[in-house]
Amino acid sequence: MWFYIVSNLARIPEMTASPRCSGFEDADRCVQCALCLPHCPTYRLTHDESESPRGRLAMLGAWGRNEIPLDLSTRKALDHCLGCLACEAVCPAEVPYGKLIDRYHEATATPLREPLLWLLVWLTRQHGVAKRLHRLLAGLERMRILALLRQVAPGRLRRAATLLPDPYPMAVAPRGRFTPKGDTGNRTQRVSLLAGCVSSLWMPDAYQAALALLLAWGFTVDLPDHALCCGALARHAGNFRTAQTVRTELGLLPSAQPVLVLDSGCFAETRAACGAEDSDARIVYELTSFLDANWPPSLKPTFERPERVALHIPCTQRSEVRDADAAMRLLGRIGNLTVQPIPAGYGCCGAAGGYLLREPSMSDTLGATLIASLGPEPPDRIVTTNIGCRLRWQSELRRSGHHIPVEHPVETLLRACARS
Ligand code: SF4
Ligand code: SF4
């Protein structure tokens, strides 16, 4: 609770002007064609040019040229950017929007301004503290205290409680080396499965499912002894020094074997950390893409009774993994399962890394549009590949009185395999 108070106090003396800053020359590549505007979630919500990619690029370019100060309204419009990169994906001038907004955060972020986010970034590297906190929260869940907080706590405390996994997981992701048993078609390939710092604590069932599937398909799987941070959260917080430092931890992954990433939000940073441009780089795969490409020909999973899931495609699956259809291809192989893609019209769920902490009001407004995207007939489950989106969905479902479980595609697949 205290850091919420500090967080708000830290916003009071918000700077009305900041030092000029270089590194925004690429903003001038924008030809102002407006093609990106309908794809930008904040523009669609506000219909305000300053909340659009074009408007933000104009502001960054002008600030970089010392033509405008970074006043409160400029800063607010730039801070509202989700970093979803929907604009970059459609830009004909190939403006490197992601790099520019990262540069903005790097130039302006401070621990005083974003204390909660910086505290979380610190926690991602404190494995002992994170484990103790996890056990504490699991204990509160067991005593039904978290359930109570989700219902009756005031304001921001309730919001924080509803953004935790519901129910809070008691387990953690598996650790160590696992080898397949029995006849597995003589596959002997080894893979590393990245245990993300947040996702391995908050969706351990997805890691268990991934491990079970990979072993059944004949892979030897290495899971590091403790959770690894890819640096994405640090980058979202504008803490680039930590983002660079934590990336070195990825060197702990065994070399010369593919790295699989279960959480699409960790993909881009992991690929960069593993040296995607180097000739001897480890190859990094997003898990659903990998499973789809390595599907055993004889495997025909099916559900006993018809099931219907709604598939949510996170921004990171679209703009960073760049394989938006991977989960659809994977789930499409399951018999008796109807997969209803959630239309991309909602734009972004509002999780966007640290955004749901940094910009709670805008994040909640975007999140509130999710339920309407489900249509009149609610699905049996919602499926998504990203932990932030999963949390956002859970809190919105709770808020709207729906009781629909949210899971990773590998959990759906494992359930179908177990019943076929
Ligand atoms: S990154 Fe997303 S929110 Fe930000 S300007 Fe681009 S489309 Fe809009
Ligand atoms: S699509 Fe690209 S060039 Fe066109 S307005 Fe958007 S950022 Fe500028």
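This is a predicted model: local features need pLDDT of at least 70, side-chain atom pairs count only at pLDDT 80 or more; totals for chains, interfaces and linings use all residues.
Reader: How many bridges join strand 6 to strand 7?
Author: Strand 6 spans residues 302-311 and runs parallel to strand 7. One facing pair has V309 opposite V339 of strand 7, and another has A310 opposite Q340. The number of bridges between strand 6 and strand 7 is six.

Reader: Which strands stand at the edges of that four-stranded sheet?
Author: The sheet is open, with parallel pairing and the order 7-6-8-9.

Reader: Now for the five-stranded sheet: what is its strand order?
Author: This sheet is open too, and its pairing is mixed. Strand 1 and strand 5 (284-286) are the edge strands, each pairing on one side only. From one strand to the next the twist averages 25°. Read across the sheet, the order is 1-3-2-4-5.

Reader: Over to the helices: are helix 9 and helix 10 parallel or oblique to each other?
Author: Two packed helices are described by the angle between their axes and the distance between the axes. Helix 9 (residues 145-152) and helix 10 (residues 155-162) have axes 7 Å apart, at an angle of about 130°. Helix 9 passes helix 10 in a left-handed crossing. The angle therefore makes the pair oblique.

Reader: Which residues of helix 10 make the contact with helix 9?
Author: By class, this contact has four nonpolar, one polar and two charged residues. Helix 9 brings L146, L149 and R150. From helix 10 come L157, R158, A161 and T162.

Reader: Where is P167, and which residue does a cis peptide bond join to P167?
Author: P167 has its place in the loop between helix 10 and strand 1 (176-178). Omega of the cis peptide bond is about 0°. The residue joined to P167 by this bond is D166.

Reader: At what angle do the axes of helix 3 and helix 4 cross?
Author: Their axes come within 10 Å, and helix 3 passes helix 4 in a left-handed crossing. The contact is made by G55, R56 and M59 of helix 3 with T74, A77 and L78 of helix 4. Its residues divide into three nonpolar, two polar and one charged. The axes cross at roughly 130°.

Reader: What is phi of N66?
Author: N66 sits in the loop between helix 3 and helix 4 (72-79). Its phi is positive, in a residue other than glycine. The value is near 65°.

Reader: Which residues come nearest to ligand 1?
Author: The shell around ligand 1 divides into ten nonpolar, three polar and one charged residues. Helix 2 (41-46), helix 3 (53-64) and helix 5 (86-90) are the elements that give two or more residues to this shell. Of the 14 residues around ligand 1, the nearest are C40, P53, C81, C84 and C87.

Reader: And which helix gives the largest share of the shell around ligand 2?
Author: Ligand 2 has 14 residues around it, with C30, C33, C36, C91 and A93 coming nearest. By class, its shell holds twelve nonpolar, one polar and one charged. The largest share is three residues, and they come from helix 3.

Methods:
Residues are numbered from 1 along each chain as its sequence is written. Chains are lettered from A and ligands numbered from 1 in the order in which they are written. Two strands pair if DSSP finds at least two bridges between them. A residue is near a molecule or strand if its C-beta atom, placed from the backbone, lies within 6 Å of it. Ala, Val, Leu, Ile, Met, Phe, Trp, Tyr, Cys and Pro count as nonpolar, Asp, Glu, Lys and Arg as charged, and the others, Gly among them, as polar. Axes are lines fitted to C-alpha atoms, for helices over the stretch in contact, and angles run from 0 to 180 degrees between N-to-C directions. Angles under 35 degrees count as roughly parallel, over 145 as roughly antiparallel, 65 to 115 as roughly perpendicular and the rest as oblique. A crossing is left-handed if the near helix is turned anticlockwise from the far one by less than a right angle, and right-handed if clockwise. Two residues are in contact if their C-beta atoms, placed from the backbone, lie within 7 Å.
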